[in-house]
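The stops below follow the aromatic rings.

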Amino acid sequence: MNITNSQANYAEFFHHIEEERWWLASQPIVDLKEDTVMASELLLRVGKEDSPLDNSLLFPKITLDHRFLEVSFKIWNLIDKIIETKKEVFSDRTFINICPQDIKDRELVSFVKKVNKKFLSNEKRIVLELSEQFSEQDILDSKDKLSDLINSGIELALDDYGLGILNLDFIQQAKVSYLKFDKSICVDGFKENNNLIKETLLFCNRNNIISLAEGVESDDQRDFLLSAGFKLAQGFLFGKPKKLITL
């Protein structure tokens, strides 16, 4: 039987996870107008520290593998451990990606709420990023759980806008606080998507949703996004992901 590249990549990924060769990295998110760090995003890194696996070959499809739920539990357990012992490594707001499979698991949702209580007790907030894997139906199916998370003090962000859900009315119904624009439309393809971006930024302003541009790598890009009306930004210009301090 032939093994596809994806199968080989997945096998390597889960092997590293089993061997505990993984860590969390943190990347800053800045306020464009104030030029200050206001949050950070936690990013999973797997493999050797000097040569981790290429996430672009794995995500988001690997989250559909039933084994990934165990990875999610490992991530949240580490977050729980760090907030209890080294809370200072977390920004005021910490963005953490979550996939549809995670939201469907009651035990994981319950654990996320438990961890969030510790963040709130330390005057910090969790922002759950709904990945591009989420369809409108996934959000509808998870409506009660997402509302419960919001009521517990967690904020929601829709990740990779431009690759997934585009329906602005539906985004409003989903009660997200942040809309993260994928680099492919807000940086690489700004001119081609100019009307879409203008319309979406107006929508964000009307509905108190904070716009965030991903993939910013140059001063010119930063200045252009600020003039266009983006509130926050993330990218190598402001800092590459760095390993989070762990025990």
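In this predicted model, a search of the whole structure finds 8 aromatic pairs.

Select phenylalanine 59 and phenylalanine 68 to begin. The ring centres of phenylalanine 59 and phenylalanine 68 are 5.8 Å apart and the planes meet at 80°, so this pair is edge-to-face; the angle cut-off for that class is over 60 degrees. Check the surroundings of each ring in turn. Phenylalanine 59 has 28% relative accessibility and counts as partly exposed, whereas phenylalanine 68, at 6%, counts as buried.

Ring pairs link Phe13 and Phe14 with Phe59 and Phe68 into a cluster.

Clear the selection and pick phenylalanine 181 and phenylalanine 230. This aromatic pair is also edge-to-face, with 4.8 Å from centre to centre and 80° between the planes. Which parts of the chain does the pair of phenylalanine 181 and phenylalanine 230 tie together? Colour strand E7 (residues 178-181), where phenylalanine 181 lies, and then the loop between helix H10 (219-228) and strand E9 (232-234), which holds phenylalanine 230. The pair therefore ties together parts that are 49 residues apart in sequence.

Phenylalanine 181 is buried, its relative accessible area being 0%. Phenylalanine 230 counts as buried too, with 2% relative accessibility. The cut-off for buried is under 20%.

For the last stop, select lysine 240 and phenylalanine 236. Here lysine 240 lies over the face of phenylalanine 236, at 5.4 Å from the ring centre.

Conventions. Residues numbered from 1 in each chain as written. Predicted model: local features only at pLDDT ≥ 70, side-chain atom pairs only at ≥ 80, totals over all residues. Heavy atoms only, no water. Phe/Tyr/Trp six-rings, centres within 6.5 Å; stacked < 30°, edge-to-face > 60°. Buried < 20%, exposed > 50% of the residue type's maximum accessible area, 1.4 Å probe, protein only. Helix = DSSP H or I, 4+ residues; strand = E, 2+ residues; numbered from the N terminus. Lys NZ or Arg CZ within 6 Å of the ring centre and 35° of its normal.
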